[in-house]
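Let's take a friendly walk through a protein model. Please have a look at the sequence and the structure before reading on.

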Amino acid sequence: MDHEFFMEQALEQARNAFDQGQFPVGCVVVQDDKVIASGARAGTSGGLSFFSEIDHAEIRALKALESSDAQFSPDRAVLYCTMEPCLMCFAAILLAGIQTLVFAYEDVMGGGTGLDRRCLAPLYKDAQITIVSNVLRKKSLDLFYKFFNKDANLYWKASLLESYTLDQWRKLEENQRDHSGIK
């Protein structure tokens with residue numbers, strides 16, 4: 001499967017979220033080389049007094065499966081997301097039976113894929129899943145960098161995720177300059 005091609009589809013969802021003032025996370029569910037569901041983050045625009053912690057891109061994509069014409073087969077499905085899923089989303093992905101998860105950018109503050117599932121109940125502990133990370137990481141990182149540099153975006157402002165993202169972006173830019181010979 002062409003992970004970069006389908007991650008581009010998830011990035012398109014993330015760009016749509018960003019264009020609407022939302023946290024730039026996008027997700028697509030792919031089965032048999034076809035996108036069968038998609039979702040973008042919602043509930044994080046600057047004017048809200050309360051940010052929704054349920055309207056995550058992964059949850060919205062899984063919810064979209066309900067209205068999909070495709071015969072969902074979790075063992076053939078791959079979920080692509082522009083940011084590492086949080087614990088809530090990771091649990092939902094496991095419960096859905098999806099066995100392959102591909103993400104672009106790590107969530108240093110709330111990512112759930114590194115969870116040691118050995119001490120959890122069998123439903124989670126025994127779930128089979130392959131995780132592929134860092135697919136088109138730089139493109140996703142660029143979107144988060146733009147998000148955190150817009151004063152109107154208040155979601156996760158002054159958080160560990162913001163400082164980590166800005167630091168990661170600067171390091172990548174410096175590394176690219178060093179390798180290109182530009183000073």
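The report below goes from the sheet to the helices and then to a pocket.

## About the model

This is a predicted model, in which local features need pLDDT of at least 70 and side-chain atom pairs count only at pLDDT 80 or more, while totals for chains, interfaces and linings use all residues. Residues are numbered from 1 along each chain as its sequence is written, and side-chain values use heavy atoms, with hydrogens and water left out.

## The sheet

Helices (H or I, at least four residues) and strands (E, at least two) are DSSP runs, numbered from the N terminus. Two strands pair if DSSP finds at least two bridges between them. Here, 5 strands form an open sheet with mixed pairing, in the order β2-β1-β3-β4-β5. β2 and β5 (130–132) stand at the edges with a single partner strand each, so one side of each has no neighbour in the sheet. From one strand to the next, the twist averages 20°.

Now follow β1. Strand β1 (residues 26–31) pairs with strand β2 (residues 34–40) in the antiparallel sense over 6 bridges, and Val29 stands opposite Ala37 in β2. β1 and β2 form a hairpin with 2 residues between them, and Asp32 in the turn has a positive phi of about 55°. β1 is also joined to strand β3 (residues 77–83) by 5 bridges, and these two run antiparallel. Tyr80 in β3 is the bridge partner of Val28.

## Two helices

Helix α5 (residues 137–148) packs on the sheet, touching β3 and β4 (100–105); contact means heavy atoms within 4.5 Å. The direction of α5 makes about 55° with that of β4. Axes are lines fitted to C-alpha atoms, for helices over the stretch in contact, and angles run from 0 to 180 degrees between N-to-C directions.

How do α1 and α5 cross, and how many Å apart do their axes come? The axes of helix α1 (residues 3–19) and α5 come within 11 Å and cross at roughly 5°. α1 and α5 are therefore roughly parallel, a term for angles under 35 degrees. Residues that meet include Leu11 and Phe18 in α1, and Leu143 and Phe147 in α5.

## A pocket

The largest pocket is lined by 17 residues, and His56, Cys86, Asp107, Tyr155 and Trp156 lie nearest its centre. On a 1 Å grid over the protein atoms alone, a pocket is an open set of points where a 1.4 Å probe fits, with protein on both sides within 12 Å along at least five of seven lines; lining residues have an atom within 4 Å of a point.

Terms used:
Parallel < 35°, antiparallel > 145°, perpendicular 65-115°, else oblique.
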